[in-house]
Amino acid sequence: MARAKKEKVVEDALAQEMAQETAQAEAEREEVEKQEVEREISSLIPKLTDEDCIEAMGRCRKYHEKMQGLENRLKENEAYYRQQYTYYKNLDEQRSLPEKGSGYLLNAVINKVADMMDNYPQPTILPREESDEETASILSKVIPAILERNNYTKVYYKCAMEKVKNGVSVAGVFWNPTKDNIGDVEIKRIDILNMRWEPNIEDIQDSKEIFILTESDVETMKVLYPDKLSDLAGSYNADLSHYSDMEVSRADEKVIVYDWYYKKTVSVEIGGQVFPKTVLHYAKFCDGKLLYASENDPTKSEGWYEDG
């Protein structure tokens, strides 16, 4: 009798324990399903919107105002290179400068650029350790081929000319998905006159955001983004800078496209501790309309570049 009673108690305890485990497993499953639903809903809600683009345009204009000193210096350097310095010098000061038809300054710049082209760098990929030797050997063949396909000598020449005239030049490496119908790396020179970043910083990497402004045809943008820019109309915009008034295009045919690179700080958990991590994101917008945002792209959850 006592034995049967004891066995009954054990069975009840086991049944109760199994019921608790089942309830706990069911609760965990429901929690996982709830989190998945929340993630799906979150992915459907855009993190970046047109309103964010309009705010970004406002900050871009403020940066532009703060960068007038640099812009004026770039324009003046270009005017001197073209020997159009009448606007910057009075008659007495002009007498000490070369005559417009002498070509003295042009030859000085070209000779300096020629020296830089004579020392055109060649990519050399060295292994950091023994296991990297095969990878370094492959990259030593791939990278020169990429540079040759992009006619990098021409890009290097343009950048060398900018360095001699202004002391600085900018080049960008991009991925063009339509190049050769299969996609490939693309290297372009970027006009620093139409770059915007935070003022009063020594290293451009410290800027929380960078804008690159380019001019595009209205009809081209309508074809590329018919659902967002169907009513797009060209208009004069002082945000885009030019070296001279002769370079200003017809306002009714052109529009400004903004490439916006910005940093965000996110938290990551490593070894049970939470650390801050800087993530780089990219967005493209035009006329206040968001065209693409890596934050809204599920495939770019780690940012535009994984290394930030």
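Reader: Is Lys264 buried or exposed, or something in between?
Author: In this predicted model, Lys264 is partly exposed, with a relative accessible area of 35%.

Reader: What does the side chain of Lys264 meet?
Author: The side chain of Lys264 meets that of Glu295 in a salt bridge, at 2.9 Å from N to O.

Reader: Which residue forms a salt bridge with Asp259?
Author: Lys284 does, with the closest N and O atoms 2.9 Å apart. Asp259 is in strand β5 (residues 254–270) and Lys284 in strand β6 (residues 273–286), so this pair links distant parts of the chain, 25 residues apart. Asp259 is buried, with a relative accessible area of 13%.

Reader: How many salt bridges does the structure hold?
Author: The structure holds 14 salt bridges. One of them joins Arg59 and Glu209, whose closest N and O atoms are 2.7 Å apart.

Reader: Where do Arg59 and Glu209 lie?
Author: Arg59 lies in helix α2 (residues 50–66) and Glu209 in strand β4 (residues 209–217), so the pair ties together parts that are 150 residues apart in sequence. Arg59 is partly exposed, at 27% relative accessible area, whereas Glu209 is buried, at 4%.

Reader: Which residues do salt bridges with shared partners join into one network?
Author: The network consists of Glu78, Arg82, Glu162, Lys165 and Arg189.

Reader: Where is Arg82 found?
Author: Arg82 is found in the loop between α3 (68–81) and α4 (91–94). Arg82 is partly exposed, with a relative accessible area of 33%. Its C-alpha is 7.8 Å from that of Leu106, a residue 24 positions away in sequence.

Reader: Turning to the helices, at what angle do α5 and α7 pack?
Author: Helix α5 (residues 104–118) and helix α7 (residues 152–166) pack at an angle of about 135°, and their axes are 9 Å apart. That makes α5 oblique to α7, because an angle counts as roughly antiparallel over 145 degrees and as roughly perpendicular from 65 to 115.

Reader: Is the crossing of α5 and α7 left-handed or right-handed?
Author: The crossing of α5 and α7 is right-handed.

Reader: What about phi of Asn181?
Author: Phi of Asn181 is also positive, near 65°, and Asn181 is likewise a residue other than glycine.

Reader: Where are these two, and how accessible is each?
Author: Asp180 is in the loop between β1 (170–176) and β2 (184–190), and Asn181 is found in the loop between β1 and β2 as well. Asp180 is partly exposed, with a relative accessible area of 45%. Asn181 counts as exposed, at 76% relative accessibility.

Reader: Finally, which residues make the nonpolar surface patch of about 220 Å²?
Author: Ile138, Leu139 and Val142 make that patch. Leu139 is found in helix α6 (residues 133–149) and is partly exposed, with a relative accessible area of 33%.

Definitions and conventions:
Residues are numbered from 1 along each chain as its sequence is written. This is a predicted model: local features need pLDDT of at least 70, side-chain atom pairs count only at pLDDT 80 or more; totals for chains, interfaces and linings use all residues. Side-chain values use heavy atoms; hydrogens and water are left out. Patches are made of residues with over 30% relative accessible area and no salt bridge: like charges are joined within 9 Å, nonpolar side chains (Val, Leu, Ile, Met, Phe, Trp, Tyr) within 5 Å. Accessible areas come from the Shrake-Rupley method with a 1.4 Å probe; for residues, only the protein chains shown count as cover. A salt bridge is a side-chain nitrogen of Lys or Arg within 4 Å of a carboxyl oxygen of Asp or Glu. Helices (H or I, at least four residues) and strands (E, at least two) are DSSP runs, numbered from the N terminus. Buried means under 20% relative accessible area, exposed over 50%, partly exposed in between (1.4 Å probe, protein chains only). Axes are lines fitted to C-alpha atoms, for helices over the stretch in contact, and angles run from 0 to 180 degrees between N-to-C directions. Angles under 35 degrees count as roughly parallel, over 145 as roughly antiparallel, 65 to 115 as roughly perpendicular and the rest as oblique. A crossing is left-handed if the near helix is turned anticlockwise from the far one by less than a right angle, and right-handed if clockwise.
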